[in-house]
Amino acid sequence: MKNAIITGGTSGIGLGIARLFAAQGYNLLLNGLEKYGQQIADELAQEHDVKVMFSSANMQYSDQIREMVQQAEQEFGQIDVLINNAGIQYVAPVDEFPEDRWDAIIAINMSATFHASKAVWPGMKARGFGRIINIASAHALRASEFKVAYVAAKHGVAGITKVLALEGAPYGITCNAICPGYVRTPLVEAQIADQARAHQMSETEVIEKVMLKKQPIKQFVEVEALGNLALYLASDAASQLTGAMLPVDGGWSAQ
Ligand code: NAD
């Protein structure tokens, strides 16, 4: 039985990934700020007969990240898979972009990936097996206006992914990033309203003209597609796939 940590695992993409991992028999630590996080963990555990812990550690703070990893290692003995998924968004023109949103996005979307990876690293290295999967974004590969902090953070995740792949190679640790296009999660629902304000458009226009404009396949990406890719990356079959930025973006980054 393998054990995985999924940050931001109690909502949206993280929760979708958690469901597939639990169904495959993984024990999980799910982290997130959702008030109902413990309930989600209990339901998943019962449904799939696996252990599921919940941690409300705030990914903005390195000490809380380290404690979360320690908790999971104590409970499960070892961590085989780390999925760095927690993230937030803020949309505003650069001259109006609040400094505290810049700091929070860089901390949660980028620095937490480093801190959590550093914390699981010694155990993975000692056992000669590890899978680090970063949920980056099409915005790790491409830019959009009004998202300066998010695009910077996700490009930073691309850098972390490549360095960890190089350093992990001698120890059986792989590190890859999944780069989704738009997925209709709570994060995107909130953004539709913000984008409408920033672009001075209606919400329907934002979906058609801003979000899906860049995706040749005119559909939101399905969470299950991301979960199945994560499962593959975590498997033994993917032992030689490392340092890759893998787009699941309906063709966005082909342009
Ligand atoms: P979501 O809002 O549904 O989920 C985000 C999760 O992160 C939640 O569980 C939330 O509690 C957690 N989180 C936020 N701040 C946190 C903090 N300080 N500490 C701990 N947990 C925190 O969003 P989502 O769309 O599922 O996003 C998940 C990841 O996927 C993010 O990194 C996001 O950038 C990325 N992504 C999303 C899309 C999309 O279209 N939805 C596209 C590309 C990439």
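**Around the ligand**

Okay, let's start with L33: one of its backbone N or O atoms lies 2.9 Å from an oxygen atom of the ligand. This is a predicted model, so to speak a computed picture: local features need pLDDT of at least 70, side-chain atom pairs count only at pLDDT 80 or more, and totals for chains, interfaces and linings use all residues. Residues are numbered from 1 along each chain as its sequence is written, and side-chain values use heavy atoms, with hydrogens and water left out.

Back to the ligand. I13 also has a backbone N or O atom 2.8 Å from a ligand oxygen. With M59, the backbone N or O atom sits 2.8 Å from a ligand nitrogen. These are polar contacts (N or O pairs within 3.5 Å).

How much of the ligand's accessible area does the protein cover? It's 94% of the 830 Å² that the ligand has on its own (Shrake-Rupley, 1.4 Å probe).

So who's in the shell? There are 30 residues around the ligand, and the closest are S11, N85, Y150, V183 and T185 (near is a heavy atom within 4 Å). They split into 16 nonpolar, twelve polar and two charged, with Gly counted as polar and Tyr as nonpolar.

Now the helices (DSSP runs of H or I, at least four residues). The elements giving two or more residues to the shell are α1 (12-23), α5 (148-168) and α6 (186-199). α6 gives the most, with three.

Terms used: Polar contact = N/O pair within 3.5 Å; in protein donor to acceptor, adjacent residues only side chain to side chain.
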